[in-house]
Amino acid sequence: MKMRAAVLERFGEPLVVQEVDLAEPRAGEVLVRLAACGVCHTDLYTASGADPSGYAPAVLGHEGAGVVEKVGEGVGSLAPGDHVVTLFSPQCRECIHCRDERTNLCLAIREEQNKGHLPDGTVRISRDGEEVRHFMGCSTFAEYTVMPEIALAKINPEAPFEHACLFACGLSTGLGAAINTAAVRAGSTCAVFGAGMVGLGAVAGCRLQGAERIICVDLSPERLRLARGQGATDLLEGGEGAVERILEMTGGFGADYTFEATGSVAVMRQALEAARMGWGLCTVAGVAGKGETLDVVPRLLITGRRLAGSSFGGVKGRDGVPALIDRYLEGEIDVAPFLSHRIGLDEVNRGFELMEAQDGIRSVIELS
Ligand SMILES: NC(=O)c1ccc[n+]([C@@H]2O[C@H](COP(=O)([O-])OP(=O)(O)OC[C@H]3O[C@@H](n4cnc5c(N)ncnc54)[C@H](O)[C@@H]3O)[C@@H](O)[C@H]2O)c1
Ligand SMILES: [Zn+2]
Ligand SMILES: [Zn+2]
């Protein structure tokens with residue numbers, strides 16, 4: 001079939017929206033008609049050429065929501081008409097990691113996904129016979145996509161697509177960092193560094209876990225205001241003195257749980273330093289630049305602070321994303337403030353510009 005899609009032709013140049021061919025879903029695959037897709041830093045990172053593992057031509061996008069149109073042979077968990085959210089982090093339910101509650105890092109299709117292929121090592125997207133690769137296993141800057149069944153979460157059809165798609169990446173990452181990775185205890189004090197999609201999700205996650213105090217740190221007053229809406233009790237301007245301020249605010253001890261959601265290694269260090277001696281847990285969600293390292297004074301660890309990383313918030317996607325969306329539908333998570341701009345597929349490059357200008361939290365492409 002023919003469809004419109006935003007293709008990364010050459011690194012560092014705008015995406016080109018054009019007509020491409022999409023082949024039928026094969027065994028274990030599903031054709032999805034996309035309805036909405038968020039524009040994320042990871043898309044821009046790859047488009048810019050900064051990501052050394054990037055490839056082109058490829059259809060970018062990975063924060064999609066839509067409707068199952070057709071299923072390939074052997075697909076049992078999804079049927080036409082089902083509403084789904086796309087998962088760059090799949091859940092096969094069979095590999096050693098999927099069967100262990102300690103991680104969400106499914107091992108099933110990683111290698112081929114990293115190469116821009118579907119699990120059988122081939123692609124479904126082409127243009128005049130030339131292969132176009134799948135980005136993060138998703139390629140959702142398009143009217144349709146073909147994805148593996150194990151990378152689609154079936155969600156409550158009452159969830160509006162423009163909100164549901166935000167659970168495909170940053171929002172679940174932040175919520176999950178607090179709920180799964182840190183498993184914040186009720187009554188605790190938390191400090192969240194960064195108030196973008198991920199940090200604001202972490203603030204909301206800390207609130208859902210019953211944290212008593214949630215300190216949010218960012219450079220932007222506007223974003224700190226959004227953090228207040230998600231449950232932050234104290235707002236703090238980021239920068240040099242942030243750790244000292246948090247220590248002052250916590251009787252000299254630091255926070256029970258800290259979260260880093262900026263991607264800066266300097267802030268990761270601050271987040272560890274702001275964690276309480278004895279049991280403070282620092283969860284890192286930000287993605288640092290290639291080759292950067294984290295500089296930590298080991299004494300901070302000996303005296304009981306712990307450091308953890310979190311990918312997609314530890315959320316096992318097919319189980320966890322529908323559960324988070326149910327909580328949103330029950331009124332526990334306020335998603336509307338994160339949707340800053342609605343744009344068309346043709347305006348995808350404007351989505352990147354808005355993100356670079358830090359204008360709003362997320363631009364969402366409306367596809368159908
Ligand atoms: N672990 C994962 O699975 C996962 C998933 C999605 C995104 N990420 C990463 O999480 C990070 C955050 O993503 P986002 O979409 O929220 O990004 P964002 O750019 O929207 O938000 C980052 C925020 O950090 C703030 N910030 C920058 N310097 C700061 C400082 N010194 N002190 C305090 N705040 C500071 C910025 O003002 C901004 O509000 C990125 O590194 C992204 O790549 C990780
Ligand atoms: Zn993303
Ligand atoms: Zn698995």
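Predicted model: local features only at pLDDT ≥ 70, side-chain atom pairs only at ≥ 80, totals over all residues.
How do helices H5 and H6 lie relative to each other, roughly parallel or roughly perpendicular? I will come back to that in a moment, after a word on the model itself.

Residues are numbered from 1 along each chain as its sequence is written, chains are lettered from A and ligands numbered from 1 in the order in which they are written, and side-chain values use heavy atoms, with hydrogens and water left out.

Now to the helices, which, like the strands, are DSSP runs numbered from the N terminus (H or I with at least four residues for helices, E with at least two for strands). Helix H5, residues 197-208, packs against helix H6, residues 221-230, at an angle of about 25 degrees, with the axes 9 Å apart; the axes are lines fitted to C-alpha atoms, for helices over the stretch in contact, and the angles run from 0 to 180 degrees between N-to-C directions. H5 and H6 are therefore roughly parallel to each other, given that angles under 35 degrees count as roughly parallel, over 145 as roughly antiparallel, 65 to 115 as roughly perpendicular and the rest as oblique. The residues in contact, meaning heavy atoms within 4.5 Å, include Leu200 and Val203 of H5 and Leu226 and Ala227 of H6.

H5 also meets helix H4, residues 170-181, where the two axes come within 7 Å and cross at roughly 40 degrees, and that makes H4 oblique to H5. On the H4 side the contact includes Gly170, Leu171 and Thr173, and on the H5 side Met197, Val198 and Gly201 are among the residues involved.

Cysteine 40 lies in the loop between strand E3 (29-38) and helix H1 (41-48), and histidine 62 in the loop between strand E4 (58-59) and strand E5 (63-71), so the pair ties together parts that are 22 residues apart in sequence. Cysteine 40 is buried at 4% relative accessibility, where buried means under 20% relative accessible area, exposed over 50%, and partly exposed in between (1.4 Å probe, protein chains only); histidine 62 is buried as well, at 0%.

Cysteine 95 is buried, with a relative accessible area of 14%, and cysteine 106 is buried at 2%.

Finally, some backbone details. The peptide bond from alanine 56 to proline 57 is cis, with omega near -5 degrees, and proline 57 sits in the loop between H1 and E4. Serine 139, which is not a glycine, has a positive phi of about 50 degrees, and this serine 139 counts as buried at 1% relative accessibility.
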